[in-house]
Amino acid sequence: MAVVREPSDRSSEAEEQEGTGTPDGFQRLWTPHRMAYIKGENKPTGPGEGDGCPFCEIPKGADEDGLVIRRGASVFAVLNLYPYNTGHLMVCPYRHVADYSELDDDETLELARFTQRAIGALRKASGAHGFNVGMNLGTVAGAGIAAHLHQHVVPRWGGDTNFMPVIGRTKVLPQLLRDTRALLAEAWPED
């Protein structure tokens, strides 16, 4: 659990930051869960389907465990384990393909429809003001898992880029992923 304190008397800061090293006047927001991402946890060991691809493994388990919001015939919607914003989800084909041009017509259509429904669910559940939607195709384009295509849907709100991410380089997520998953699953539009 992260704890943030308002700055108070700087003279007592050294006592309040016991165990954090040399006092420097900064407050700390501890986010130890991010270390898993930094160390590459859940990243595939290679490009193949059997190389530990999380997008191939997630659909094999329970929705709650894998943070799956909705399943379709060709694609599924899942929360991002390392989100940019609360509600950041991805639409992934079940089939292990790396490039958008490799999708067949059914997969392409269902991916587009799931993206539309994801936007609708996020608007209903969270009142998002806008969205960033897109894919990073290839490692050089920023894909964290380049071997398995996934479309990002990131909800945005006026003022969500404030001091914390811009200056503090810290994102504050006010809701547990399991709670977000439950809200979005409930808000998902019917077919």
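This report describes the fold, the core and some side-chain contacts of one predicted protein model.

## Basis of the model

Because the model is predicted, local features need pLDDT of at least 70 and side-chain atom pairs count only at pLDDT 80 or more, while totals for chains, interfaces and linings use all residues. Residues are numbered from 1 along each chain as its sequence is written, and side-chain values use heavy atoms, with hydrogens and water left out.

## Overall fold

The chain has seven helices and five strands. Here helices (H or I, at least four residues) and strands (E, at least two) are DSSP runs, numbered from the N terminus. Their order along the sequence is α-α-α-α-β-β-β-α-β-β-α-α.

Of the 191 residues, 34% are buried. Buried means under 20% relative accessible area, exposed means over 50%, and partly exposed lies in between (1.4 Å probe, protein chains only). The accessible surface comes to about 11,400 Å², and 54% of it belongs to carbon and sulfur atoms. Such areas come from the Shrake-Rupley method with a 1.4 Å probe; for residues, only the protein chains shown count as cover. Among contacts (heavy atoms within 4.5 Å) with a separation of 6 or more, 58% join residues 24 or more positions apart.

## The nonpolar core

In soluble globular proteins, nonpolar side chains tend to be buried together. A nonpolar core is a set of buried Ala, Val, Leu, Ile, Met, Phe, Trp, Tyr and Cys residues joined through side-chain atoms within 4.5 Å. The largest one here has 30 residues, and Phe55, Ile69, Val78, Leu89, Leu184 and Trp188 touch the most other members. At least two core residues each come from helix 3 (54-57), strand 1 (68-71), strand 2 (75-79), strand 3 (89-93), helix 5 (105-126) and helix 7 (177-187). Helix 5 supplies the largest share, six residues.

What does Trp188 contact, leaving aside neighbours within four places in sequence? Its partners are Ile69, Arg70, Ala77, Phe114, Arg117, Ala118 and Ala121.

## Helix 7

The buried residues of helix 7 are Thr180, Arg181, Leu184 and Ala187. Seen down the helix axis, they fall within an arc of 135 degrees, so they line one face of helix 7. The arc is that of the directions from the helix axis to the C-beta atoms. These buried residues pack against helix 4 (63-66), strand 1, strand 2, strand 3 and helix 5.

## Asn80

Asn80 sits in the loop between strand 2 and strand 3. Asn80 counts as buried because its relative accessibility is 9%. Not counting residues up to four places away in sequence, Asn80 touches His88, Leu89, Met90, His152 and Leu177. Its side chain also reaches the backbone nitrogen of Tyr82 at 2.7 Å.

## Salt bridges

Side chains of opposite charge can pair when their charged atoms come close. A salt bridge is a side-chain nitrogen of Lys or Arg within 4 Å of a carboxyl oxygen of Asp or Glu. The whole structure has five salt bridges. One of them joins Glu57 and Lys60 (3.2 Å, N to O); Glu57 is partly exposed at 41% relative accessibility, and Lys60 is exposed at 64%.

The side chains of Glu107 and Arg95 also form a salt bridge (2.8 Å, N to O). Glu107 lies in helix 5 and Arg95 in the loop between strand 3 and helix 5, so the pair ties together parts that are twelve residues apart in sequence. Glu107 is buried at 6% relative accessibility, whereas Arg95 is partly exposed at 36%.

Methods
Polar contact = N/O pair within 3.5 Å; in protein donor to acceptor, adjacent residues only side chain to side chain.
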